[in-house]
Amino acid sequence: GLANTRRQRKTVFASALSCLLLVGFSLLLFPHAIQDWRADYATVKGELEHIKLDGGALLYLDADSALDVKTTVDGIAVHLYRGRILVDSAAAAPANKPHIITEGTRFTPVGTRFVVTTQDEQDELVVTQGQVKVEAAGHSELVNAGNGIQVAARAIQPLASTGMAAD
């Protein structure tokens, strides 16, 4: 009767609580699990991935990174969720050069090779060949080979040193 119903309720409540704790603990241990599951490409620590896009552009995905690749009316859009990619679009026709998009920044290549890093709401660009157009918070800037920028708090600022020489 009544004791049996209470016991069933306690069992259901304990099971539900256990499931919630398991999910919460898993997200603490693997904070990027949902993002990685949704991404077209994701790497873990120590893993690198080489991606050849339709049209000839190459992406080199660094360790602990995640991105999606979509074809849109504007061309190929690569949404970088986290981490770092090296983009080599020199061999791609202008219509096939991928646009790299982070949380609030868009990077458009102009016959080029460059690295984009996004982490903790901060983006960084280093251009090794050609030029990249950067758009953030209504501002636009063209960055030349050998230079880099940082986008933080929606402001575009030059990097003190890129650590890379132009090819």
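The side chains of Asp 88 and Arg 113 meet in a salt bridge, with N and O 3.5 Å apart; the term salt bridge here takes in a side-chain nitrogen of Lys or Arg within 4 Å of a carboxyl oxygen of Asp or Glu. Asp 88 sits in strand β5 and Arg 113 in strand β7 (residues 105–119), so this pair ties together parts that are 25 residues apart in sequence. Strands are DSSP runs of E with at least two residues, and helices are runs of H or I with at least four, numbered from the N terminus. This is a predicted model, in which local features need pLDDT of at least 70 and side-chain atom pairs count only at pLDDT 80 or more, while totals for chains, interfaces and linings use all residues. Residues are numbered from 1 along each chain as its sequence is written, and side-chain values use heavy atoms, with hydrogens and water left out.

How open are these two partners? Asp 88 counts as buried, at 17% relative accessibility, whereas Arg 113 is partly exposed, with a relative accessible area of 26%. For these labels, buried means under 20% relative accessible area, exposed means over 50%, and partly exposed is what falls in between (1.4 Å probe, protein chains only).

Strand β7 also has a link to strand β8. Arg 106 forms a salt bridge with Glu 135, and their closest N and O atoms are 3.8 Å apart. Here, too, distant parts of the chain are linked: Arg 106 belongs to strand β7 and Glu 135 to strand β8 (residues 122–136), 29 residues apart. Arg 106 is partly exposed at 25% relative accessibility, and Glu 135 is partly exposed as well, at 28%.

A search of the whole structure turns up 6 salt bridges. One of the pairs is Arg 84 with Asp 62, whose closest N and O atoms are 3.2 Å apart. Arg 84 lies in strand β5 (residues 75–88) and Asp 62 in the loop between β3 and β4, so parts 22 residues apart in sequence are tied together by this pair. Arg 84 is partly exposed at 38% relative accessibility, and Asp 62 is partly exposed at 25%.

Asp 62 turns up again around Ser 65. Ser 65 is in the loop between β3 and β4 (66–72), and it counts as buried because its relative accessibility is 0%. Its side chain reaches the backbone oxygen of Asp 62 at 3.0 Å, and a polar atom of that side chain lies 3.2 Å from the backbone oxygen of Ala 63. Leaving aside neighbours within four places in sequence, Ser 65 is in contact (heavy atoms within 4.5 Å) with Tyr 41, Ala 42, Thr 43, Arg 82, Gly 83 and Arg 84. Ser 65 and Tyr 41 are 24 residues apart in sequence, and their C-alpha atoms are 8.2 Å apart in space.

Which loop holds Leu 53? Leu 53 lies in the one between β2 (49–52) and β3 (58–61). At 6% relative accessibility, Leu 53 counts as buried. Not counting residues up to four places away in sequence, Leu 53 touches Leu 59, Val 69, Ile 76, Val 78 and Pro 98.

Definitions and conventions: Polar contact = N/O pair within 3.5 Å; in protein donor to acceptor, adjacent residues only side chain to side chain.
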